[in-house]
Every structure is written in structure tokens, then in C-alpha cells.
Amino acid sequence: MRLVRLASIFFTVVIAAPASALDKVSFATNWRAQAEHGGFYQAVVDGTYKSYGLDVNIQQGGPQINARLLLAAGRVDFAMGANTIQMFEAVQQKVPVVTVASMFQIDPVIFMSHPGEGLDRFEDLPKATAFVANDMLVSVWIWLKQAYGFRDDKVKPYGFNSAPFIADRKSIQQGFLTSEPYAIERQGGFKPNVFLLPDYGYDSYSTTIEARADTIARNPDLVQRFVDASIIGWYNYIYGDNAAANAVIKRDNPEMTDGQIAYSLEKIKERGIVDSGDALTLGVGVMTDARMKSFFDKMAKAGVVPDNLDYKRGYTLQFIGKKVGMDLRPKQ
């Protein structure tokens, strides 16, 4: 009888072990919950992270939260990076974080203009008053000046309020493909011209996953599992049932609406923000040395970053390009 009881106890421990063995992981995003973060939320709600042995807590960002600093300080395990320029800055500042994957193959950064006001072509935009935020002025704007002749004397500060742009029909405003045009249509009552900067050579990666260098060295398996599960989350979010993920996004960010989520997801899919380019053959999340060099060369030529920057220290291809989750893409 005692042997039976021992066997029963052993069986219970073995069955319970996987649940108790989940690695607790914290992931800091770079803004409030939105469809642009949907794949990560999807991997939480549909159990993908759990199936990879992870108990993931998403800590949404905001205007007073710096995800990279939280990561560097060891307050979180992974962080969401906005773009490749931020990666270059981390290398310059010797911040010990490394980009391990890029969920967006296309950075959705845009400019918008009023239709029918002589600003209907990209080459017309340098003559317009430009509402630009400080972070763009010290990054993308410098490249735009060098590559396309945009001018500092045309700049007016953009404080993430579109009223000045709506009022000035001869102006342009920065934004993201997945959000600002939707807001302008509702606030301004018109559909703006939208110019996606990657269409004009701005080939930055976006919505990246960053890890500390010491985590990569000590626990590469943890990094691989988080990257793989996040990739699968993104496939499921853009191609599968995302209702539960969207419900959590709205719970975490009560200002988010069904309409905004639907618009964002439509644009993500329409323009291949997540699944295009190299991702079509190597899988979502992929980065390449060639693409990194292309972008670095442009930014160095424009003077955004020093031309001797050892930018390769800022990323690794170790965890991506393995075709994870590609079977989840709908068959043509």
C-alpha cells in the first residue's frame, strides 16, 4: 500500500512539474498597448509562450517609461525597440543590450499631407511646413535633409497633437502608417496623402526584441524560446483569431478602440509590415547583415551616426532566420 501511495505522489509531481517549471519573463513594450504589439499579446493569450515554457508578463510602455533603460538596469528580461537608429545609439552609448529579432520588416513611419494642395508627390514635401517631433529631428529628419533636400527652416514642433496640421493645409506631419491617418480622417474629415518612408529608401527595422548581452551569453535557450514563441504569436495574430489578444490590448489600454485596432491590423497586412521581404523565405522576425549595412551606410552618409561605429555589436542573427512558424502562413 505504501508503494502505491509513493507511486501516486511521484505521478502527481511529474504531472505538475511542467506548470511549475515555467520561466518567468518580463517584456517591456515601447508604448501603450496597441495592435502594433498584437503578436506578443497573442502569444500570451493563446498559450504559445506557455508551450515554450515561459510565463510572460508584458509591461506596456508610455511617455514616461524607457523600455531600454529598464532592460539595461535588469528590471525586465526583454524590451521592444522602436527602430534600428535606436540600436545604433545603444552601441554609441555602450548600453549592453543587443537586438535579437525584428518583428516589423517595414518601419511604418510616414509623412502625411493635405490632398490637392500641391503636396501630392513625395518630391513636393520639402517645400511644406513640417510638423516634426524632437526624436525624428535628430534621426530620420537628418537623412531626409541629406537625401531629399528637406529644410530645417520649414520645421515646426510636433507635440503629438494633429490640430496644427489639420489647420494648415500647406503642411505635412510625421506619423505611423497604422495610426495617424486613421485619426486624421476622423478629426479632420479628410483622407490625407500618406507617404511611407521605406518606399523612399528608409530601410530601418522596427518593433524589435532586445535582450541584455549577459542574458544571451548565460541563457541563449531562454532567448531562443522567447523569440520563437513571439514569432509564432505574430503569425497567429495577423492570420488567425486575434479577438482574445485584442480584448487584452483594450483592457491594458482603455483608450484603444475596435476601429483603431481594425485599421492598424489592416495596414499591417496590406503593406506586409510583419510578413514581407526576407520574412517570406526566412520567417517573421528575420534580420540580415546586408540590410543592416544598407541602413547603416545611409545613416552614416547623412551624419546621423559616426561612419566608424561598430554597429554590428548591436545585433545578432543567432536567433532568427530559422523559418519558425512559416507553416502558419495561409496557403496561396
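This report looks at aromatic rings, charges over rings and one alanine in a predicted model.

## About the model

Residues are numbered from 1 along each chain as its sequence is written, and side-chain values use heavy atoms, without hydrogens and water. Because the model is predicted, local features need pLDDT of at least 70 and side-chain atom pairs count only at pLDDT 80 or more, while totals for chains, interfaces and linings use all residues.

## Aromatic pairs

The structure holds 26 aromatic pairs (rings of Phe, Tyr and Trp, the last by its six-membered ring, with centres within 6.5 Å; planes under 30 degrees apart are stacked, over 60 edge-to-face, the rest tilted). One of them joins Phe40 and Trp234 edge-to-face, at 5.9 Å centre to centre and 85 degrees between the planes. Phe40 belongs to helix α2 (residues 38-45) and Trp234 to helix α11 (residues 220-239), so this pair ties together parts 194 residues apart in sequence. Helices are DSSP runs of H or I, at least four residues, numbered from the N terminus.

Tyr49 and Phe226 are stacked, because their ring centres are 5.4 Å apart and their planes at 0 degrees. Tyr49 sits in helix α3 (residues 48-51) and Phe226 in helix α11, 177 residues apart. Both Tyr49 and Phe226 are buried (under 20% relative accessible area, 1.4 Å probe, protein chains only).

## Charges over rings

Arg291 has its charged end over the ring of Tyr205, 4.1 Å from the centre (for Arg, CZ within 6 Å of the ring centre and within 35 degrees of the ring normal). Arg32 lies over the face of Trp31, 5.4 Å from the ring centre.

## A look at Ala67

Ala67 is found in helix α4 (residues 67-72). With 6% relative accessibility, Ala67 counts as buried. Beyond its neighbours within four places in sequence, Ala67 is in contact (heavy atoms within 4.5 Å) with Ala28, Thr29, Val76, Ala79 and Met80.

Key: Helix = DSSP H or I, 4+ residues; strand = E, 2+ residues; numbered from the N terminus. Buried < 20%, exposed > 50% of the residue type's maximum accessible area, 1.4 Å probe, protein only.
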